[in-house]
Amino acid sequence: MTQKLLKLSGIGESRLHLAWLSSAEAQRFVDISSAVIEDIKAQGKFDSKLFSLELAAAEETLKAETLRWMVGKEVKLLARGDVYGRKWEKARFEAILDEVLEREYHKQLIRQAILADFTSVRAISQRIGLGLKRISYLLADMEKTNMIEFKGHTECVPVFGAL
Amino acid sequence: MEQVEPKIVAFLCNWCAYAGADLAGVSRLQHPSNMRTVRVMCSGRVDPLFIVQALKSGCDGVLVAG
């Protein structure tokens, strides 16, 4: 899931490597770490200042209640079933988790953009690359949950502020 | 232009991956030194937040081995 989030944010899922290692596999540790180092070297230096907005949004996304709740419930939903007694399939769960992840991440990205002084929908769209319609849709959701507020108009353009 | 060595944060689980790395050291196997290891008691302890915070603090990549 974290790799998907990194991919979504443009940071790149291959900045994170996962490996299974046992305590007897010393040579494998050397092989794995060399392979990871070569891979990261080929990707080049990671500029955290360039991605500061995306990193902040990713951090807030991972703190989001919905996401943490869903991940925590995975085992129960797949093994014992939901409150209606229906067992979920892994593919369906993953599809919904992907949707929730993307939505939460986009909301947090919009909020970070507003904090960084991109306060109109067009400015936000230019900074983060999301469509105007998607941003407006998510802004409505964010207003309901008190993440942002509508601050009025400057030159006939609606302006938003983060809460 | 000389390539800068990448900094990689490795979260290693104490019983498995860290012991494996320790064995590699004891057996004098040559391995590159760009790994900054963080020993955790279980790889399940690694919260996704750790990974983002590692990237924020300037590393170029993260390895989680369990």
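This is a predicted model: local features need pLDDT of at least 70, side-chain atom pairs count only at pLDDT 80 or more; totals for chains, interfaces and linings use all residues.
Local features are reported only at pLDDT of at least 70 and side-chain atom pairs only at pLDDT 80 or more, while totals for chains, interfaces and linings use all residues. Residues are numbered from 1 along each chain as its sequence is written, and chains are lettered from A, with ligands numbered from 1, in the order in which they are written.

The model's confidence was examined through pLDDT, the predictor's confidence in each residue on a scale from 0 to 100. The average pLDDT of chain A is 86, and 100% of its residues score at least 70. Among the elements of chain A, helix α5 (residues 90-115) has the highest mean pLDDT, 90, and strand β3 (residues 157-162) has the lowest, 78.

Chain B contains 2 helices and 3 strands. Helices (H or I, at least four residues) and strands (E, at least two) are DSSP runs, numbered from the N terminus. The order of elements in chain B, from the N terminus on, is β-α-β-α-β. Its C-alpha atoms fill a box of roughly 35 × 30 × 10 Å along the principal axes. Chain B has 66 residues, of which 41% are buried; a residue is buried if 20 or more other C-beta atoms, placed from the backbone, lie within 10 Å of its own, exposed if 12 or fewer do, and partly exposed in between. Of the contacts in chain B with a separation of 6 or more, 78% link residues 24 or more positions apart. Two residues are in contact if their C-beta atoms, placed from the backbone, lie within 7 Å.

The two chains contribute to one open sheet of 4 strands, ordered β1(A)-β3(B)-β1(B)-β2(B) with parallel pairing. Strands pair if DSSP finds at least two bridges between them. The edge strands, each pairing on one side only, are β1 of chain A and β2 (35-40) of chain B. From one strand to the next, the twist averages 20°. Between the chains, β1(A) and β3(B) run parallel and are joined by 4 bridges; here A:A19 stands opposite B:A65. Within chain B, β1 (residues 8-13) pairs with β3(B) in the parallel sense over 5 bridges, and B:A10 stands opposite B:L63.

Both helices of chain B pack on this sheet. Helix α1(B) touches β1, β2 and β3 of chain B, and its direction makes about 110° with that of β1(B). Helix α2(B) touches β1 of chain A as well as β1 and β3 of chain B, at about 150° to the direction of β3(B). Axes are lines fitted to C-alpha atoms, for helices over the stretch in contact, and angles run from 0 to 180 degrees between N-to-C directions.

In the contact between the chains, 32 residues of chain B meet 31 residues of chain A. On the chain B side, α1 (17-26), α2 (48-56) and β3 (61-65) each give two or more residues. This side has 22 nonpolar, 8 polar and 2 charged residues. Ala, Val, Leu, Ile, Met, Phe, Trp, Tyr, Cys and Pro count as nonpolar, Asp, Glu, Lys and Arg as charged, and the others, Gly among them, as polar.

A:R15 lies in the loop between α1 (2-8) and β1 (16-19) of chain A. A:R15 is buried because 21 other C-beta atoms lie within 10 Å. Leaving aside residues up to four places away in sequence, A:R15 touches A:L6, A:F46, B:L55, B:G61 and B:V62.
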